[in-house]
Amino acid sequence: MTETVVSTRKPRSGAAVLVEPPGATTVPRRGKDSGGRLRALDGLRLVAALMVALYHYGGRDGEVAQAWGTSPRDQFPTLHSLFAYGCLGVQVFFVISGFVICMSGWGRPLTSFFASRASRLLPAYWAAVLLVTAVFALPAVAYKAVSPSDALVNLTMLQMPLGVDRVLGVCWTLWAEVRFYALFALCVVLPGANRRRVIMFCAGWMLAAVIAQNAGMPLLDIVLMPEYAPFFIGGVGLYLVHRDRRDVHGWGIVAVSWLIGQHYAVQGLWHAPNPEAFSYRSSFGIIAVVTFGFVAVAAIALGLLGRVNWRWLTVAGALTYPFYLVHEHLGWVVIHALHRGLGLPSGVTFALTVASMLLLAWLLNKYVEKSLTPRLRTALAKTR
């Protein structure tokens, strides 16, 4: 969800291209105007972020109902059931993350890998935590702010294992990302990434995650993340396919990941039809969205979307992470102000809220990420 790196797709000669510092999602140039960017991947990241926003604004009850004044089911009587599928944008993010983290870690020493990940995640995250904490502390905002102590703990990104109140509702996905980064760094980047080691990592993690599901050991669940592992692993497998589309092991990893991933998604999100429930997600619909995530990344990995090369997608990709961080909680504030304060219709409020969060994301990218990310990366990458 947060990665922008340079491709290390293996050339025909068999020599791997060394990874460059993060800052662009790129592959070897296919045309003189392409610039080498995987712009389709930038676009898919924004699609996944917008899916999650649809869910948070109109696909669930909870605090957002307080912002609207009534349940989103009343605001969007037809669309709310479709918006409810937007939560699966997280699984799409995880597939993308598996692809890009494998790309980022291939041929890179551990110090450089750590510096690239930390510098990419932390500046916008710190800014979002401070911004949401400050806004929620305003007397005019009806939502409860976390305590000052808990807000400070949130800056470490370790509030989930510590059981501390979260400033950002979406930070649980970052905790999953961090655990994936740690597993990949220890098992692949530290000893040195190669095809065999990546295949063994995927096979070992998948088997361990499946076993952990019924082991009844919370520590294994925390480390191995059974319900999310197939999506990260599937993305890693798709990167192997990106390097060599004839890689049978890579395709096998992708197939098994999809089969197990859709199982966990259905298990977690499906329920029998119930008129008391907010909405109903069919098992077919859940499987379809999961499949979309795998197929979309596969199409990009195989170069089938090379013509999706519009320059504005680069900007869209840059906005995805800060948008994802701030859109939920600050979106409640904007919805309340526009819909209940100014009396704007639901559809107009929805569109303006998304637009305002994209604008805020642009400001965070321009004035926080572009300033702090390279400085933090340089500082962390220095060896002593």
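# Briefing: rings, charges and surface in a helical chain

A search of the whole structure turns up 24 aromatic pairs. This is a predicted model. The chain has 16 helices and 0 strands. Buried residues make up 53% of its 384 residues.

**Chain overview**

- Take the contacts in the chain with a separation of 6 or more: residues 24 or more positions apart account for 72% of them.
- The chain exposes about 17200 Å². Carbon and sulfur atoms supply 66% of that area.

**Aromatic rings**

- A pair of aromatic rings is described by the distance of the centres and the angle of the planes.
- Among the 24 aromatic pairs is the one formed by F113 and F184, which is tilted. Its centres are 6.3 Å apart, with 40° between the planes.
- F113 lies in helix 6 (residues 110–136) and F184 in helix 9 (residues 171–189), so this pair ties together parts that are 71 residues apart in sequence.
- F113 counts as buried because its relative accessibility is 3%, and buried means under 20%. F184 is buried too, with a relative accessible area of 0%.
- One aromatic cluster takes in F94, F113, W172, F180, Y181, F184, F201, W205, Y228 and F232.

- Y228 lies in the loop between helix 11 (218–224) and helix 12 (229–243).
- Is Y228 buried or exposed? Y228 is buried, with a relative accessible area of 17%.
- Leaving aside residues up to four places away in sequence, Y228 touches Q91, F94 and W172.
- Y228 and F94 are 134 residues apart along the chain. Their C-alpha atoms are separated by 7.7 Å.

**Charges over rings**

- R117 lies over the face of Y181, at 5.8 Å from the ring centre.
- R243 places its charged end over the ring of W106, 4.0 Å from the centre.

**Salt bridges**

- Side chains of opposite charge can pair when their charged atoms come close. The count here comes to 5 salt bridges.
- R45 and D42 form one of them, at 3.7 Å from N to O. Both residues lie in helix 1 (residues 39–58), 3 residues apart, or about one turn of the helix. R45 is buried at 0% relative accessible area, and D42 is buried at 0%.
- E328 forms a salt bridge with R60, and the closest N and O atoms are 3.9 Å apart. This pair links distant parts of the chain: E328 is in helix 15 (residues 312–341), R60 is in the loop between helix 1 and helix 2, and they are 268 residues apart. E328 is buried, at 7%, whereas R60 is partly exposed, at 27%.
- D247 and R195 meet in a salt bridge of 2.8 Å, N to O. D247 lies in the loop between helix 12 and helix 13 (248–269) and R195 in helix 10 (residues 195–213), so the pair ties together parts that are 52 residues apart in sequence. D247 counts as buried at 5% relative accessibility, while R195 counts as partly exposed at 38%.

**Surface and loop**

- V315, L359, W362, L363 and Y367 form a nonpolar patch on the surface. Together they have about 500 Å² of accessible area.
- Which helix gives the largest share of the nonpolar patch? Helix 16 (residues 346–381) does, with 4 residues.
- L363 is found in helix 16 and counts as partly exposed, at 33% relative accessibility.
- T70 sits in the loop between helix 2 (63–68) and helix 3 (72–75). T70 is partly exposed, with a relative accessible area of 35%.
- T70 touches A65 and Q75, not counting residues up to four places away in sequence.

Terms used: Residues are numbered from 1 along each chain as its sequence is written. This is a predicted model: local features need pLDDT of at least 70, side-chain atom pairs count only at pLDDT 80 or more; totals for chains, interfaces and linings use all residues. Side-chain values use heavy atoms; hydrogens and water are left out. Rings of Phe, Tyr and Trp (its six-membered ring) pair if their centres lie within 6.5 Å; planes under 30 degrees apart count as stacked, over 60 as edge-to-face and the rest as tilted. Helices (H or I, at least four residues) and strands (E, at least two) are DSSP runs, numbered from the N terminus. Buried means under 20% relative accessible area, exposed over 50%, partly exposed in between (1.4 Å probe, protein chains only). A charge sits over a ring if NZ of Lys or CZ of Arg is within 6 Å of the ring centre and within 35 degrees of the ring normal. Patches are made of residues with over 30% relative accessible area and no salt bridge: like charges are joined within 9 Å, nonpolar side chains (Val, Leu, Ile, Met, Phe, Trp, Tyr) within 5 Å. Accessible areas come from the Shrake-Rupley method with a 1.4 Å probe; for residues, only the protein chains shown count as cover. A salt bridge is a side-chain nitrogen of Lys or Arg within 4 Å of a carboxyl oxygen of Asp or Glu. Contact means heavy atoms within 4.5 Å.
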